[in-house]
Amino acid sequence: MDGATIAAIDALPDSGDAEHGLPWLAPGLIDLQVNGFGGVAFNSPMLSPDQVAQVSLSMDAHGVTGYCPTVTTDGWQTLAHSMATIGLAIRTIPAVAERVVGIHLEGPYICPDDGPRGAHPRPHVRAPDWDEFQRLQELAEGHIRIVTLSPEYEAAPAFIRRAVAQGVLVAIGHTNADSAQIRAAVDAGARLSTHLGNGAHGQIRRHPNYIWDQLAEDRLVASLIVDGHHLPPSVVKSFLRAKTPQRCILVSDITSMAGLPPGRYEDTSLGAVEVLDDGRLVIAGQQQLLAGAALPITAGLANVVRFTEHGLRVAVEMASLGPAALIGHPSGRLEVGSRADLTLFRLAISADGSQVGSVEIVATVRSGRLVWGELLGEPVDVPRG
Ligand SMILES: [Zn+2]
């Protein structure tokens, strides 16, 4: 590395021992959907810039070098406070500015119905409102980079065109839109399906429906939560076949419960929730209703290898190159001249691919600086911090 840039790449000979050999080196991971971490929720009337910094720094331990703080459906006061606080944190705290690749506003312009609405609070769901979005974008100091909405509203196509003209990536999610509404949204510039297959009805007409429509639409990339709880292996495998890995990215969708021990937590933005022993995060007392995720994006790397015919390279690209390209971020590549955002990790995979361990991050390097863990082998001159 030369400063923040990859200066040269020399391939090492294969260590020949997957279990005890050298760790994998990959581009830093980019997570476009992080609702919070370690007890801090971005949806909070009490959110402080220091808490934004706390979540940002927590990403280092998971190999994530860039992420989107994600704010979900809420009342005006809370949305306004969250946007202003994150915007302020980006402006005043370098550790935040270096790690945040943009804010993701998920809602409040989504479907009000049980099922597609997911765990978003119904009283705060509303139709797309351009003036309100503009006020939020101003409070966020222009940092809203992704908006997830349902195109089932009459106002959606015009809203999408204006957002796209402003450089905002528009995602379809938490939707009950029909085929024509999805097509109109994509014609207007929508380019992402947010956590496809989740935020959906428990029962659905076999066809047509909004899942097939989005699967078949080649202009849409799909974000997938591959934590082992949100989508069964057969669905992950089928989605990757239908869309191709080039049109699939991984997101964690982790909430403030990530990084906390199993148990019941009363006072979250979604009301009472439970973290179960296996990492599943549910609305308290309703174990079928997921309330976001509690496992980091690295869980998805191992699960893609486990659930599909695709190897680790594809899985890594779905969590680095894919999301970086989608938002135009100069990261996600191991190439001379690229920004030195790197993660070094161990993942044991048996020779026949049938046994896959879990990802252990060894070190994270962001813009040429070691921000987490230790580099191995010969002492190298990499600045810390
Ligand atoms: Zn969601």
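Visitor: Which residue of E13 stands opposite Thr268?
Guide: Thr268 faces Gly271 in E13. This is a predicted model, where local features need pLDDT of at least 70 and side-chain atom pairs count only at pLDDT 80 or more, while totals for chains, interfaces and linings use all residues. Residues are numbered from 1 along each chain as its sequence is written, and side-chain values use heavy atoms, with hydrogens and water left out.

Visitor: What makes E12 and strand E13 a pair?
Guide: Count the bridges. Strands E12 and E13 (residues 271–275) share four, in the antiparallel sense. Two strands pair if DSSP finds at least two bridges between them, so four is enough. Strands (E, at least two residues) and helices (H or I, at least four residues) are DSSP runs, numbered from the N terminus.

Visitor: Where do E12 and E13 belong?
Guide: They lie in an open sheet of four strands, in the order E12-E13-E14-E15, with antiparallel pairing.

Visitor: Why are E12 and E15 called edge strands?
Guide: Strand E12 (263–268) and strand E15 (286–290) each pair on one side only.

Visitor: Where is Val282 found, and how do you know that Val282 is buried?
Guide: Val282 sits in strand E14 (residues 281–283). Its relative accessible area is 0%. Buried means under 20%, exposed over 50%, partly exposed in between, with a 1.4 Å probe and protein chains only. Val282 therefore counts as buried.

Visitor: Which residues touch Val282, leaving aside neighbours within four places in sequence?
Guide: Val273, Glu274, Leu276, Gln287, Leu289, Leu290 and Ala291 are in contact with Val282. Contact means heavy atoms within 4.5 Å.

Visitor: How is the eight-strand sheet put together?
Guide: Its order is E2-E5-E6-E7-E8-E9-E10-E11, and it is open, with parallel pairing.

Visitor: Why is helix H9 called largely enclosed?
Guide: Eight of the 10 residues of H9 (residues 298–307) are buried, so the rest of the structure largely encloses this helix. The buried ones are Thr298, Gly300, Leu301, Ala302, Asn303, Val304, Val305 and Phe307. They pack against several elements, including strand E2 (29–34), helix H8 (233–243) and helix H10 (312–318). Strand E17 (360–366) is also among them.

Visitor: What makes E17 an enclosed strand?
Guide: Six of its seven residues are buried, so E17 is largely enclosed too. Five bridges join E16 to E17, which run antiparallel. There, Val365 in E17 is the bridge partner of Leu342.

Visitor: What do E17 and E18 form?
Guide: A hairpin, with two residues between the strands. In its turn, Ser367 has a positive phi of about 50°. Four bridges join E17 to strand E18 (residues 369–373), again in the antiparallel sense. Thr364 has Trp372 in E18 as its bridge partner.

Visitor: Why is the link of Arg117 and Asp114 called a salt bridge?
Guide: Their side chains meet at 2.9 Å, N to O. A salt bridge is a side-chain nitrogen of Lys or Arg within 4 Å of a carboxyl oxygen of Asp or Glu, so this pair qualifies. Asp114 also forms a salt bridge with Arg122, with the closest N and O atoms 3.9 Å apart.

Visitor: How many salt bridges does a search of the whole structure find?
Guide: It finds 15. One of the links is between Asp341 and Arg339, at 2.9 Å, N to O. Asp341 is buried at 1%, whereas Arg339 is partly exposed at 23%. Elsewhere, Asp60, Glu98, Arg99 and Arg366 are linked in a network of salt bridges.

Visitor: Which residues form a nonpolar patch on the surface?
Guide: Ile9, Leu25, Leu334 and Val336, with about 360 Å² of accessible area together. Such areas come from the Shrake-Rupley method with a 1.4 Å probe; for residues, only the protein chains shown count as cover. Patches are made of residues with over 30% relative accessible area and no salt bridge: like charges are joined within 9 Å, nonpolar side chains (Val, Leu, Ile, Met, Phe, Trp, Tyr) within 5 Å.

Visitor: Why is Leu25 called partly exposed?
Guide: Its relative accessible area is 48%, so Leu25 counts as partly exposed. Leu25 is found in strand E1 (residues 24–27).
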